[in-house]
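This report describes selected local features of one structure.

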Amino acid sequence: MQNKGLIKLFAFLFGIVSIYQLSYTFITSKIENEAEVYAATTISSSEEDYVAKREALEATYLDSIGKNPILGYTTYEEAKEEELNKGLDLKGGINVTLQISVKDILKGLADNTKNPVFNKALEDADLASTSSDDTYLELFFDAFDQIKGDVQLASPDIFANKGLSDEINFQMTDDEVKPIIRRKIDESVVSAFEVLRERIDGFGVTQPNIQREGNSGRILVELPGARDIARAQDLLSSTAQLEFWETYESGNQSLINFLIQANNELKTIVEDQEEEEVKEESEIDSLLSDVAQDSLDLSTERNPLIDKLQIPGPNYAIGVAAVKDTAQIGAWLRLPQIRRLLPADVQFSKFLWERPSKDSEVAALYALKSNRDNLPRISGDVVSDARDQFDQFNRPAVGMDMNVRGAKLWEKLTSEANLNNTGIAIVLDNKVYTAPGVSQVGGISGGSSEITGSFTVNETKDIANVLRAGKLPASAEIIDSFVVGPSLGQEAIDSGFKSFLIAFVFVLIWMIFYYGKAGIFADIALIFNIVLIFGVLASLDAVLTLPGIAGIVLTIGMSVDANVLIFERIKEEIAKGKGKSQAISDGFSNALSSILDANITTGLTALILLVFGSGPIKGFATTLIIGILTSLFTAIFITRLLVDWYISGKTRRLDFSTSITKNLFTNLSINFLNKRKIAYVLSAILVSVGLFSLFTQGLDQGVDFVGGRNYQIRFVNPVNPSEISSELSESLGSASAKIFGDANQIMVTTKYKVAEGGTEVDNEILDSLYVNLQKYLPDGTTMNDFIPGGTNDNVGVMKYRKVGPTIADDIKKNALWAIIGSLAVVFLYILLRFRKWQFSLGAVTAVFHDVLIVLGIFSLTSKIMPFSMEIDQAFIAAILTVIGYSLNDTVVVFDRIREIVSEKGWRAGNNINLALNSTLSRTLNTSLTTLVVLLAIFTFGGESLRGFMFAMIVGVIVGTYSSVFIATPVMFDSLRKRIMNEKE
């Protein structure tokens, strides 16, 4: 081997850099463990809210030692920046995809125009967006062009308005306006991106990730390690739309009369056939009974509104209702026939609910003085600064300062409120946070104000944070979210490490058992390979996920494959009578082509997965690609260096087998081609049965593909999933529960309100789950124990996922394109390498065969397997890996066929059989080690990986079979006439 010195130097430096990069991870892990132990010993678990207190103490401890030097070359803060990033499934946290509403931005740019053509184009774009891959903006332009008539985008009541007068005038054509609007939309999304970045910086998690997804208006946010999930979701999705409104005076008679008339009108609208039931007074009833009632006697008949809304409310509120009834009451008050009942002096009233305090079961309703355009007296853009502070009663509050214009408006508004004896409602994202009166005559000067209420310190920090960062330019809807509790993340680390260790030890032992001393050198190269993989991951700031660990474990199998190919070729060269040095040199050289081809085909499928995958699947693809590159380096160069070093000693003897394995798979003469018709029939039966099941029974599609929410919930004792399914269906409309792993753990899937965004629906479902499942939980389990990242790590929701219908369609399309793309790329690569389309045909036929059988087995067994067989993104990753593995096998066989045929000719197909026999040892050896590795992950890698691993196990078995009995025979039959005539 040439340039040994250079390779040694590179390997040494590569290894040192990798160990150096990994040292940061070991340092941070050690210090964080010390901080955790310190917090646990200082704060007892018997204290109230001990989890939050321990987290705060840990953060204080880490801050205090953050700049202390460690080992003379780093500090904790520096090490934290350089450590290996862990994904959500290993660390816990939240991953969300936010859809910035381009529709809202367009409305804002058009100054909320009433133009019917503009608004009809928006409606048409809404409808088209459900079934199109185009961006919302392009769909709007298409819809506008179809219906515009004489109306132009540069009309004064559309985009040629005062706000855009510097860039758009009414003489411009639509083609001139469109690029400006595209730029404005992009600027707004960039603005939203920066606002979210500022909010996240103030949230306090380490290693957050935020990135735009092309021109789709989507922003991906990852907050690893975030425990307070609800707080994180509110922080991300709130628009921070701050407004100041004037309320009506307390007990306004016009509003009370309106509510009574609305109640009477609703009697004819609401069809309620249920008999009046005598209900025991609940805690809510008792709370509401304290609120003063109107003197009218309404108790003797059914009153849809008055039964739910108690009037008048306290202070400046017009009523109080149970939180669970607020949505229904709000919907009634928005009905056109109800709005028409408003008296002239209050006809533009805007009805908003207060933000209820934590654990409160009631909320107050406010009527705000609005106008024809529904605009607030003061908007949040006048706020120049915001901070968390404490009010005069030492309660958490938010202080705000206004600019000069805001200060003048604030003084005028507070003066009028004082004169009118009304309140000022401070509204954030359509929730009334507080509505105090004003006692100061002449109003409040200086532009300072304060938001008070039932806040926690964290809540005031977040409100101040979002107000400082500014409001989002449009609403941000969470269309995809993935939440993992921290305890589940630790379990994933433990199970992943266990499966990795078992697989690793097996492979090390197997290589020594099969190849003797040569196996030791392969093992050293393999250990070095693992160090390089983790070092490269840390250097590139890549994220290690649970599927990523599976990718590393799979890389072990592929690394072994390269060494097996080399050692088998060396054994063949020795059998030809060559000397050791020459046999080793020729063995490495002859194996190189097969190694490169096999790894390139697998790498191409991994690259496609990296492009089309998302989240943890990208982690799998990343580690697989890195693993392929480092495996090539260690197998080709490191193993060679070690072997050459060993045989350089004159008295040293190096055999590439042991006494047990010496004559295994030698002198084989199986006529594989004669058995191809039997294989065709067997495969046809398997594929036909699978297709029949696919068409009749289908696949168990997960929420990734159909949309919905799923929740992994853990109990102390085993539960009955059928019983839970029926109970949850009553409250959620449709819900299914399946055992997920142990009998005390289930996966609940529901499509309840899947098309609706916002954290309100998430909280509603969590509340419903908690109420319905409470009897299965230990006594005393609170809502805080039940939610992910709550105070009890052993019961409750461990993980949940939400996928909106739109993103589910995108995931499905991306999956389809990934599979088609991988097949096309591989077909072209094999065509280029082997110069005959028949080779490509054989390879692609085998791949189709393997994929159909895997799909068929999943369809046939999805209802009987004791683990999840859902088709999700992880399954698509498995399919693409199966494609790569099948091609890996096939390419090795094809390489040997090409080599032998180029030397000896086709000989009526006999040399094809010779090639198959000569590669059988490598095929079975590699397949066996890969299968054992996969079985280790399947058994010990955790429940979430079982379906993924099952697909790969089936794929490896079928792929090994197809490379011998499908790919090669199909190639042979398509070339048969030429082969029989010995024409190449």
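## A strand pair

Ser 736 stands opposite Thr 749 in β22. The strands β21 (residues 735-739) and β22 (residues 745-750) run antiparallel and are joined by 5 bridges; two strands pair if DSSP finds at least two bridges between them. Helices (H or I, at least four residues) and strands (E, at least two) are DSSP runs, numbered from the N terminus. The hairpin of β21 and β22 has 5 residues between the strands, and Gly 741 takes a positive phi near 85 degrees there.

The model is predicted: local features need pLDDT of at least 70, side-chain atom pairs count only at pLDDT 80 or more, and totals for chains, interfaces and linings use all residues. Residues are numbered from 1 along each chain as its sequence is written, and side-chain values use heavy atoms, with hydrogens and water left out.

## Backbone exceptions

Most residues other than glycine have a negative phi, and most peptide bonds are trans. Leu 71, in the loop between β1 (69-70) and β2 (74-75), has a positive phi of about 55 degrees although it is not a glycine. Leu 71 counts as exposed because its relative accessibility is 66%; the classes are buried under 20% relative accessible area, exposed over 50% and partly exposed in between (1.4 Å probe, protein chains only).

The loop between β8 (309-310) and β9 (319-322) contains Pro 312, which a cis peptide bond joins to Ile 311, with omega about -10 degrees. Asn 315 is found in the loop between β8 and β9, and this non-glycine residue has a positive phi of about 55 degrees. With 60% relative accessibility, Asn 315 counts as exposed.

## A buried helix residue

Val 687 lies in helix α21 (residues 676-696) and, at 15% relative accessibility, counts as buried. Leaving aside residues up to four places away in sequence, Val 687 touches His 849, Leu 852 and Ile 853, where contact means heavy atoms within 4.5 Å. Val 687 and Phe 848 are 161 residues apart in sequence, and their C-alpha atoms are 9.9 Å apart in space.

## Aromatic rings

The structure holds 28 aromatic pairs. Phe 140 and Phe 144 form a tilted pair, 6.1 Å centre to centre with 40 degrees between the planes. Rings of Phe, Tyr and Trp (its six-membered ring) pair if their centres lie within 6.5 Å; planes under 30 degrees apart count as stacked, over 60 as edge-to-face and the rest as tilted. Both Phe 140 and Phe 144 are buried.
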